Amino acid sequence: MVADSPILEAKGVNKSFGPVHVLHDVDFRVYPGTVTSLIGDNGAGKTTLIKCITGIYPPDTGEFFFDGNRVHISGPKDVAAFGIEVVYQDLALCENLDIVQNLFLGRERLKYGLLDEPSMEQAARDTLASLSVRTVKSVRQKVSSLSGGQRQTVAIAKAVLWNSRVVLLDEPTAALGVAQTKQVLDLVRRLADQGLGVVLISHNMNDVIQVSDRVCAMYLGRVAADVPITREARREFLVELITSGHSGDVGLATSSDSTEAI
Amino acid sequence: MTTTLPTPAASDGPNEALSDFALDGASKSFGSAFGDMKSRLRNGELGSLPAVLAIIVLVTIFGLSSDTFLTALNFANFLEQAAAVIVIAMAVTFVLLLGEIDLAAGYTAGVAAAVLALRLQADWPLPLAILMSALVAMALGLWTGALVAKLGIPSFVVTLANFLVFQGILLILVKSGGSIRIENDIVKGIVGSSISPGLSWVIGILGIVGFGALQFRQAERTGVPLSMVAVKTGAAAVLILVVVSVLNRNRAFANAVAEQRGMPYVIPLVLVIVLILSFVLNRTRYGRHLMAVGGNQEAARRAGINVVRIRLSAFMFCGLLAGIGGSFLASRVNSVDPNTGGNDTLLLAVGAAVIGGTSLFGGQGRMVNAILGGLVLALIPNGLTLVGKREPFGWELDLGSSGVKFICAGLALMLAASVDALSRKRTS
């Protein structure tokens with residue numbers, strides 16, 4: 001299922017905040033039809049990397065490629081134009097509005113200068129159906145009446161409604177119960193099956209093993225490993241990568257030279 | 001679509017039992033539509049129900065305890081009293097929807113009324129005088145909006161300061177102790193004159209047809225059954241017919257020279273305003289963005305909505321509507337004085353919006369709420385005045401005194417704010 005050429009690639013990204021060198025020559029790739037999990041301890045540089053990719057932080061050095069072409073990212077708008085969408089942990093939904101209104105917020109469809117509700121409602125239903133989301137009673141339900149998992153689903157649907165090609169999900173299951181986590185992970189998997197490049201940032205190793213095709217583990221600002229994984233991967237393998245930067249013959253050669261980042 | 005995951009049957013939570021957009025498209029039975037209403041109420045979405053109940057209760061109590069309360073004269077008088085507060089309440093609704101407040105809306109109305117009266121006194125043609133008054137009101141709103149949206153000062157503080165500033169402007173315009181008379185017949189007639197009985201019937205029937213059409217349109221979209229539409233439209237029709245027939249009765253005093261019949265002009269005016277504003281809020285992109293900013297400012301910003309512009313414009317529209325309310329205030333007494341828009345005007349307006357079901361926390365509310373809440377708050381002083389002196393437990397109490405009226409209106413507002421806070425607790 002893994003395609004040969006990445007849809008999004010970051011090469012040699014360095015980023016410092018004052019004297020603190022947060023990212024060291026980081027390479028990161030997202031393949032279409034693939035779930036890539038970005039894992040690492042707190043402070044390993046996951047968030048900084050994502051913010052560099054999405055144009056929120058300008059990197060000190062580094063090149064970005066989209067569809068194999070070198071691109072210049074100067075702000076979040078450029079990134080959105082490529083079809084890269086981010087679902088942040090706080091979801092950014094308006095609870096007082098319904099699902100349709102949230103999905104089309106800021107990009108409402110108009111007819112004769114007025115809101116074209118029937119068309120937006122249909123498109124919302126189609127999008128949710130294409131994601132096999134079957135847990136909402138009505139697309140006219142207010143977000144305030146939805147469960148945490150349903151809200152996450154709406155936030156993800158909002159990101160893919162615009163024919164986006166890469167979706168970055170920041171801890172999508174962090175606040176969810178067992179059944180809801182499963183719903184969201186199923187959805188993550190389906191996004192990839194539809195050909196999107198999916199990046200999952202997660203602290204939950206079970207989630208990572210369940211849905212990922214690749215794992216990119218960061219350790220003290222460096223990429224410790226960027227490897228394909230299977231459903232049979234051991235949890236301990238990932239935990240070791242996160243906590244010590246290497247596991248068996250995978251990972252950074254030694255961890256002693258990385259301490260400068262602290 | 002295949003997944004690579006082993007998929008045991010998902011165990012959905014109880015509130016997710018209905019799935020697959022089961023409730024979309026399918027037309028519902030009368031019972032299930034009624035059930036929807038009940039479950040919305042249970043979830044704390046009371047909307048305007050408390051206001052409707054309050055109107056029924058108040059009318060019953062006052063009707064039973066006063067002979068004059070349920071007369072045509074008092075009915076028309078009561079609607080004329082309510083009109084200005086209702087329009088200023090709609091003004092405040094604009095900023096309440098954003099979770100902001102405008103404490104200076106009352107004096108914005110006063111200043112706008114003074115400008116209108118002064119321009120008319122200077123023999124400006126009426127349209128120009130109205131335009132000038134509207135521009136001044138919008139400018140005052142923009143000034144408030146700029147301080148709130150651009151500088152980020154809390155609207156409570158900005159409008160508290162403007163409460164004084166605008167009061168000062170009004171005092172300077174009117175000159176303390178004086179008042180500006182309004183001689184223009186059209187402005188005097190907004191609240192003072194009535195439409196002919198024949199035309200009143202036409203307007204009433206147009207109202208019924210319009211209401212029915214709106215309900216039907218909405219029902220088509222949301223799957224509410226036609227029986228529900230028929231019940232609602234029927235109820236509205238009865239209400240409107242009763243209102244028009246009462247207003248069309250002669251309400252002049254017994255020894256008056258001329259008869260006084262028909263619907264006061266201010267009623268269709270208020271209805272047109274509420275229709276336009278509801279249309280803007282529900283059917284335009286601007287209205288949608290306004291609700292979004294009120295619901296979650298950060299989400300709105302990330303969706304590419306210009307939050308500053310929305311906030312600025314909301315305060316500007318608030319100013320404009322307050323100005324229109326000001327002309328109603330002036331029309332009622334045919335003059336503008338330093339207290340026009342002062343006293344309890346602002347508090348009644350905010351109270352009307354909140355009693356009608358508009359949230360103080362932003363994002364929740366409708367323009368119609370202002371009408372319902374405004375009627376409740378106008379009923380209280382009107383009814384109390386007519387009930388007058390009573391002797392509960394041998395203790396003489398004048399229910400018509402300002403003290404009692406203030407206390408009752410204040411308690412009503414407090415009750416509405418409690419309902420708002422509680423329902424918010426319940427939904428989150």
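**View 1. The six-stranded open sheet of chain A.**
Six strands of chain A form an open sheet in the order S6-S9-S10-S3-S11-S12, and their pairing is mixed. Strand S6 (84–87) and strand S12 (222–228) of chain A stand at the edges; each has a single partner strand, so one side of each is left without a neighbour in the sheet. From one strand to the next, the twist averages 15°. In general, the strands of a sheet pair through backbone hydrogen bonds, either parallel or antiparallel. Strand S11 (residues 214–219) of chain A and S12(A) run antiparallel and are joined by six bridges. Within S12(A), A:Arg222 is the bridge partner of A:Tyr219.

**View 2. Helix H5 of chain A and the residue A:Thr153.**
Helix H5 (residues 148–160) of chain A lies across S6 and strand S9 (166–170) of chain A, and runs at about 165° to S6(A). A:Thr153 is found in helix H5 of chain A. Is this residue, A:Thr153, buried or exposed? A:Thr153 is buried, because 24 other C-beta atoms lie within 10 Å, and the cut-off for a buried residue is 20 or more. When neighbours within four places in sequence are left aside, A:Thr153 is in contact with A:Val133, A:Gln183, A:Val184 and A:Leu187. A:Leu241 is 88 residues from A:Thr153 in sequence, and their C-alpha atoms are 30 Å apart in space.

A:Phe64 stands opposite A:Val71 in S5(A).

**View 3. The loop residue A:Gly33.**
A:Gly33 is placed in the loop between S2 and strand S3 (34–40) of chain A. With 17 other C-beta atoms within 10 Å, A:Gly33 is partly exposed. A:Gly33 and A:Leu191 are 158 residues apart in sequence, yet their C-alpha atoms are 7.7 Å apart in space.

**View 4. Two loop residues with positive phi.**
A:Tyr112 has a positive phi of about 50° although it is not a glycine. The loop that holds A:Tyr112 is between strand S7 (110–111) and strand S8 (114–115) of chain A. A:Tyr112 is exposed, with 5 other C-beta atoms within 10 Å. In chain B, phi of B:Asn334 is near 60°, a positive value in a residue other than glycine. B:Asn334 is placed in the loop between H13 and strand S2 (335–336) of chain B. B:Asn334 is partly exposed, since 16 other C-beta atoms lie within 10 Å.

Helix H2 (residues 49–65) of chain B has 17 residues, which at 1.5 Å a residue should span 24 Å; the end C-alpha atoms are 25 Å apart, which agrees. The buried residues of H2(B) are B:Pro50, B:Ala51, B:Ala54, B:Leu58 and B:Phe62. These residues cover an arc of only 90° around the axis, and therefore lie on the same side of H2(B). An α-helix has 3.6 residues a turn, so residues three or four places apart point the same way. On the other side of H2(B), the exposed residues include B:Leu53, B:Ile56, B:Val57 and B:Thr60.

**View 5. Helix H7 of chain B and its cover.**
In helix H7 (residues 185–192) of chain B, the buried residues are B:Val187, B:Ile190 and B:Val191. The arc they cover around the axis is only 70°, which puts them on the same side of H7(B). What covers the buried residues of H7(B)? The cover includes helix H3 (72–96), helix H4 (105–121), helix H10 (266–283) and helix H13 (307–333) of chain B.

**View 6. The confidence of the prediction in chain A.**
Chain A averages a pLDDT of 85, and 95% of the residues score at least 70. Over residues 255–262 of chain A, the pLDDT is below 50; this stretch has 13 contacts in the model beyond near neighbours in sequence.

Note on methods: Residues are numbered from 1 along each chain as its sequence is written. Chains are lettered from A and ligands numbered from 1 in the order in which they are written. This is a predicted model: local features need pLDDT of at least 70, side-chain atom pairs count only at pLDDT 80 or more; totals for chains, interfaces and linings use all residues. Two strands pair if DSSP finds at least two bridges between them. Helices (H or I, at least four residues) and strands (E, at least two) are DSSP runs, numbered from the N terminus. Axes are lines fitted to C-alpha atoms, for helices over the stretch in contact, and angles run from 0 to 180 degrees between N-to-C directions. Two residues are in contact if their C-beta atoms, placed from the backbone, lie within 7 Å. pLDDT is the predictor's confidence in each residue, from 0 to 100. The expected span of a helix is 1.5 Å times one less than its number of residues. A residue is buried if 20 or more other C-beta atoms lie within 10 Å of its own, exposed if 12 or fewer, and partly exposed in between; C-beta atoms are placed from the backbone. The arc is that of the directions from the helix axis to the C-beta atoms.
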